[in-house]
Amino acid sequence: MIISVIQENKTVISNLNDLGTLAKELLIFAGDCKFFAFFAEMGAGKTTFIRHICREIGVTENVSSPTFSLINEYHYKTGGKVFHFDFYRIKKEEEAIEIGCEEYFESGSLCLVEWPEKILNLLPHPYVKISIEIKDQQRIFTFSYD
């Protein structure tokens with residue numbers, strides 16, 4: 001159950017079972033934007049939340065962190081694509097360019113990016129910024145546009 005909505009774009013949850021509802025809210029908030037950047041510390045639940053977002057849009061494949069592959073590709077039931085990035089291991093933005101991230105970003109497909117702070121100069125604008133904070137056994141999700 002969602003505990004409270006602090007502001008239009010800030011939600012506090014105490015139960016991970018609420019991530020499905022929160023994923024729906026994020027997709028409504030995002031509108032037509034296809035680029036989501038997830039800012040959070042290690043273990044905050046970025047991949048878990050991404051799994052719920054993918055489930056909400058109809059991805060039936062296993063959604064897992066692309067920590068070692070850097071990118072995973074999933075498919076909607078309707079044939080669309082989702083690109084899930086994890087730039088945790090990136091040392092320089094050039095490494096992201098070498099894997100072709102800019103082509104993925106410009107593809108028109110949904111792009112979900114973990115550790116976007118590693119490639120800030122490469123992020124397309126506008127994008128939906130999702131910040132996740134852990135505080136007192138709760139998670140605070142903030143959605144905004146950048």
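These are my notebook entries on a few spots I looked up in this predicted model.

**Entry 1: Glu114**

I started with Glu114, which sits in strand 6, residues 110-114. Is this side chain buried or exposed, and which side chain of opposite charge is nearest? I found Glu114 buried and without a salt bridge.

Next I listed what Glu114 touches, leaving out residues up to four places away in sequence. Phe38, Phe85 and Phe87 are among its contacts. Lys46 is there too, along with Thr47, Ile50, His84 and Asp86.

**Entry 2: the cysteines**

How many disulfides does the model hold? I counted zero. A disulfide would be a covalent bond between the sulfur atoms of two cysteines. I then went through two of the cysteines by name. For Cys54, the nearest cysteine sulfur belongs to Cys111 and is 11 Å away. For Cys111, the closest cysteine sulfur is in Cys101, at 9.3 Å, which is too far for a bond. My cut-off here was 2.5 Å between sulfurs.

I also checked burial for this pair. Cys54 has 0% relative accessibility and counts as buried. Cys111 is buried as well, at 0%.

**Entry 3: Ile119**

Where does Ile119 lie? I placed it in the loop between strand 6 and strand 7, the latter being residues 128-135. Although Ile119 is in a loop, it counts as buried because its relative accessibility is 0%.

I then looked for its partners, setting aside neighbours within four places in sequence. Ile119 is in contact with Phe87, Glu93, Ala96 and Phe105. I followed up on Phe87: it is 32 residues from Ile119 in sequence, yet the two C-alpha atoms are 7.8 Å apart. Phe87 had already turned up in my list for Glu114.

**Entry 4: strand 8 and its partners**

Last, I turned to strand 8, residues 138-145. Which strands pair with it? Strand 2, residues 10-13, pairs with strand 8 in the antiparallel sense over four bridges. In that pairing I noted Thr11, whose bridge partner is Phe141.

Strand 7 also pairs with strand 8 in the antiparallel sense, here over eight bridges. Ile134 has Arg139 of strand 8 as its bridge partner. Strands 7 and 8 form a hairpin with two residues between them. In the turn, I noted that Asp136 has a positive phi of about 50 degrees.

Terms used: Residues numbered from 1 in each chain as written. Predicted model: local features only at pLDDT ≥ 70, side-chain atom pairs only at ≥ 80, totals over all residues. Heavy atoms only, no water. Buried < 20%, exposed > 50% of the residue type's maximum accessible area, 1.4 Å probe, protein only. Lys, Arg positive; Asp, Glu negative; His and termini not counted. Salt bridge = Lys/Arg side-chain N within 4 Å of Asp/Glu carboxyl O. Contact = heavy atoms within 4.5 Å. Pairing = 2+ DSSP bridges.
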